[in-house]
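Me: I would like to learn how to read this structure, starting with the ligand and moving on to the sheet. Could you take me through it?

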Amino acid sequence: MTYGTTPAVLKRLLKRNNKYKMTKKEHNQQQIFQEGLQFLAQQAEYSKILWAEALGAFSPLVAKPSEKTTSAEELKRSQKSDSSPAIPEVDQSPSPDINQRKVLRPIPCPEPDPSWRYRAPEAEPTIPVPGEIEDPFPQYTSMDSFRAAICNCQKCPLSRTRTNFVYGMGDPQASLVLIGESPGADEDAQGFPFVGRAGQLLDKILAAVDLKRDNDVYIANILKCHPPENRNPRANEVEHCEPYLIKQLQLIKPKLIVSLGRIAAQILLRTTDSLAKMRGRILDYHGVPFLVTFHPAALLRNPQWKRPTWEDVQKMKDLLIELKSTDPS
Ligand code: SF4
């Protein structure tokens with residue numbers, strides 16, 4: 001399958017953003033193409049500025065980009081004054097979800113079935129089928145009922161050191177799922193994934209391409225419990241915990257999966273390939289298109305990775321639009 005921009009994709013994009021103003025009589029593919037590309041160019045420029053501002057604002061470690069010549073506000077004002085279509089508003093303020101999460105408490109966990117040896121159901125033995133994710137827990141049919149079944153899990157030693165079980169958060173019918181390797185200290189304390197500084201940066205990155213973590217996006221980790229001192233997941237922990245993520249993916253049925261960081265990608269794809277080798281390619285996770293980009297925490301420490309990350313994020317958004325247009329279900 002090849003991925004490209006077609007008039008049909010551009011038409012959907014324009015309609016979704018209330019920019020498709022042609023009557024049936026005026027409609028022709030060339031005009032759609034022209035207007036669509038103009039809109040994309042404006043979006044790209046605007047998002048680039050937001051992105052640069054977000055990175056610059058989030059950490060004193062992140063240098064302001066030298067190519068920045070105007071602010072997003074100035075760009076918006078100048079575009080409103082000419083005859084070109086207005087750029088849609090993008091919320092630049094900190095996500096209200098972040099503030100809400102500060103007062104949110106983890107969802108209470110019900111008592112597990114007394115017959116369960118490790119206070120969570122055992123995964124069904126599955127035979128890997130190329131192009132498919134087999135369901136390791138077919139008895140559960142919703143994200144909430146599955147969470148309730150596994151939130152007391154004691155299958156690996158991380159259950160003894162965790163503060164909170166971190167299931168995941170977002171839209172349970174999302175087209176896009178972002179996956180990290182394991183919860184960090186902030187996530188362990190709050191019970192939600194990506195809630196520290198890295199999580200705030202992730203929210204800004206998503207906003208730069210007009211996405212929000214609760215709207216068509218779901219965020220989860222391979223491990224549901226925090227490994228002490230942020231060490232990498234161990235094989236026995238992955239063996240017990242990955243079936244939970246697979247079940248989540250079975251229920252969500254995303255069109256695109258993005259690994260946040262090398263470790264998560266290497267675990268999921270069973271590879272030792274470097275991040276450099278995996279980035280920029282459309283990989284495959286049991287039949288679902290799979291991209292790899294930098295972990296937001298690594299981005300905070302390494303400002304030189306901001307430009308390649310921006311390229312990854314643009315590719316992610318373009319591919320998502322393409323996948324949704326070819327399979328709107
Ligand atoms: S990391 Fe996963 S397998 Fe280990 S205790 Fe937590 S939920 Fe269970």
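Reply: Gladly! A residue is near a molecule or strand if its C-beta atom, placed from the backbone, lies within 6 Å of it. This is a predicted model, where local features need pLDDT of at least 70, side-chain atom pairs count only at pLDDT 80 or more, and totals for chains, interfaces and linings use all residues. Residues are numbered from 1 along each chain as its sequence is written.

Me: Which residues surround the ligand?

Reply: The ligand is surrounded by Cys153, Gln154, Lys155, Cys156, Leu158, Ser159, Leu223, Lys224, Cys225, Glu237, His240 and Cys241. Helices here are DSSP runs of H or I with at least four residues, strands are runs of E with at least two, and both are numbered from the N terminus. The largest share of the shell, three residues, comes from α9.

Me: How do the residues of the shell around the ligand divide into nonpolar, polar and charged?

Reply: First the classes: Ala, Val, Leu, Ile, Met, Phe, Trp, Tyr, Cys and Pro count as nonpolar, Asp, Glu, Lys and Arg as charged, and the others, Gly among them, as polar. The shell around the ligand has six nonpolar, three polar and three charged residues.

Me: Now the sheet, please. In what order do its strands lie?

Reply: Strands of a sheet pair through backbone hydrogen bonds, either parallel or antiparallel. Two strands count as paired if DSSP finds at least two bridges between them. Here six strands form an open sheet with mixed pairing, in the order β1-β3-β2-β4-β6-β5. At the edges stand β1 (169–170) and β5 (283–285), each with a single partner strand, so one side of each has no neighbour in the sheet.

Me: With which strands does β4 pair in the parallel sense?

Reply: Strand β2 (residues 176–180) pairs with β4 in the parallel sense over four bridges, and Val177 has Ile257 as its bridge partner in β4. Strand β6 (residues 288–293) also pairs with β4 in the parallel sense over four bridges; there, Leu260 has Thr293 as its bridge partner.

Me: Is β4 mostly covered or uncovered?

Reply: A residue is buried if 20 or more other C-beta atoms lie within 10 Å of its own, exposed if 12 or fewer, and partly exposed in between, with C-beta atoms placed from the backbone. Strand β4 (residues 256–260) is mostly covered, with five of its five residues buried. Leu256, Val258 and Leu260 point one way from β4, while Ile257 and Ser259 point the other way.
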